[in-house]
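Please read them with the model open.

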Amino acid sequence: MQIPRLDDLLELVNEFCTMEQIKDLLRTGQDNKDVRLSAANKEELIYKNLRTALEVRAVSLDRLIEMVREAEENGHQRIYYHKVAPRIAETMTIEAVGPRLWGKNWKSKHQFPLFLSRSTDFTYADFRLLAPNKKPLDWVLKVYGEYVYEKATGFVEKKPETGRILREFEVKSKRLVLLARWNSPDLLEIRVPEDSSTKRVASWAEMMWTMLGAAINRTLVAPWDLSAIRKRMIARGPKYKNLYRPRDARMRSKHSNVSLETINPDGSLFDSEDDSQLVSQALSGQSECTYASIFWLAQKDGLPSEQIHTNIGQTSPNELIFTGQCGPREIDYVTDKLRFFGR
């Protein structure tokens with residue numbers, strides 16, 4: 001594994017990890033008197049508390065790298081689901097995909113994982129089995145890239161002679177993490193970072209397909225249209241009220257579009273009898289659910305341990321958006337629930 005400098009690694013922690021994830025890591029070294037959990041803000045928690053814990057070796061560098069890897073691969077991203085026919089699924093093993101991408105001796109050619117601090121071009125970063133003991137056919141292919149953008153510094157100067165206002169910007173960059181996830185037996189997931197620009201998101205998804213090109217013929221896989229699943233989930237909201245909370249939805253019929261929005265941020269589409277009747281009317285007939293905002297509720301068994309917000313079908317029928325950071329178990333949990341409602 002290629003290990004970055006500590007400063008670069010802490011920068012990645014700041015970029016991808018939540019405060020709770022960092023505190024969980026610090027708790028592994030809490031027996032050491034130099035380890036502190038309390039901090040005024042995230043920057044202090046990382047650049048003071050975590051740095052100190054690493055320097056006194058109260059926290060393992062390997063655990064830190066694993067935390068960053070898990071954080072950058074999961075959550076706050078868009079997932080595009082694709083269904084794969086059984087005859088194609090047979091060719092989706094890691095042993096079959098690797099040689100198609102890099103040749104017969106690919107394992108010796110690539111010392112995965114490459115834990116690069118920054119990459120100016122799109123680069124293969126990892127290719128590995130995800131859970132050999134639980135789902136031995138599942139794998140993930142990770143690609144690193146870089147997104148360069150301008151950010152206002154806040155400095156503003158007005159030129160009296162011209163009346164012009166000058167605003168200062170600085171050029172910044174952040175790591176892009178693109179993923180292809182084979183979720184056996186029949187789902188290929190293309191995962192890209194969430195962004196305010198749908199055009200940028202679409203370009204990142206296309207890039208992931210380009211990186212997959214030698215291994216997977218795109219014409220042989222089909223987008224998994226979640227329209228029927230969305231409609232079914234909205235209709236069954238009252239029955240599964242302990243599992244999820246449908247908050248907003250958009251419906252389309254032959255002659256009209258209907259938008260259903262919950263006023264209460266913590267409410268659902270079924271908070272009153274009038275709301276339920278309105279939703280039932282929108283679901284009637286041949287209407288199609290083009291979008292649904294779903295809050296997955298925390299469960300007693302800890303999966304998920306806290307509420308997860310997803311938007312299903314915001315821009316594409318096969319799209320799922322995770323609006324916040326979460327772990328791999330939570331993402332697989334939601335995917336499995338979509339499979340359940342798709343039966």
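1. H1 and H3 cross in the right-handed sense; that is, the near helix is turned clockwise from the far one by less than a right angle. H1 covers residues 6-16 and H3 residues 42-55. Helices (H or I, at least four residues) and strands (E, at least two) are DSSP runs, numbered from the N terminus.

2. This is a predicted model: local features need pLDDT of at least 70, side-chain atom pairs count only at pLDDT 80 or more, and totals for chains, interfaces and linings use all residues. Residues are numbered from 1 along each chain as its sequence is written, and side-chain values use heavy atoms, with hydrogens and water left out.

3. Axes are lines fitted to C-alpha atoms, for helices over the stretch in contact, and angles run from 0 to 180 degrees between N-to-C directions. The pair is therefore oblique: not under 35 degrees (roughly parallel), over 145 (roughly antiparallel) or 65 to 115 (roughly perpendicular).

4. H1 contributes Leu-6, Asp-7, Leu-10, Glu-11, Val-13 and Asn-14 to the contact (heavy atoms within 4.5 Å). From H3 come Lys-42, Glu-43, Ile-46, Tyr-47, Leu-50, Arg-51 and Leu-54.

5. Strand S7 (residues 244-252) has seven of its nine residues buried, meaning under 20% relative accessible area with a 1.4 Å probe, protein chains only.

6. S7 runs antiparallel to S9 (residues 288-296), with eight bridges. Pairing takes at least two DSSP bridges. Five bridges link S7 antiparallel to S8 (residues 257-261), and a four-residue hairpin joins S7 to S8.

7. Which residues stand opposite Arg-252? Glu-288 in S9 and Asn-257 in S8.

Notes:
Buried < 20%, exposed > 50% of the residue type's maximum accessible area, 1.4 Å probe, protein only.
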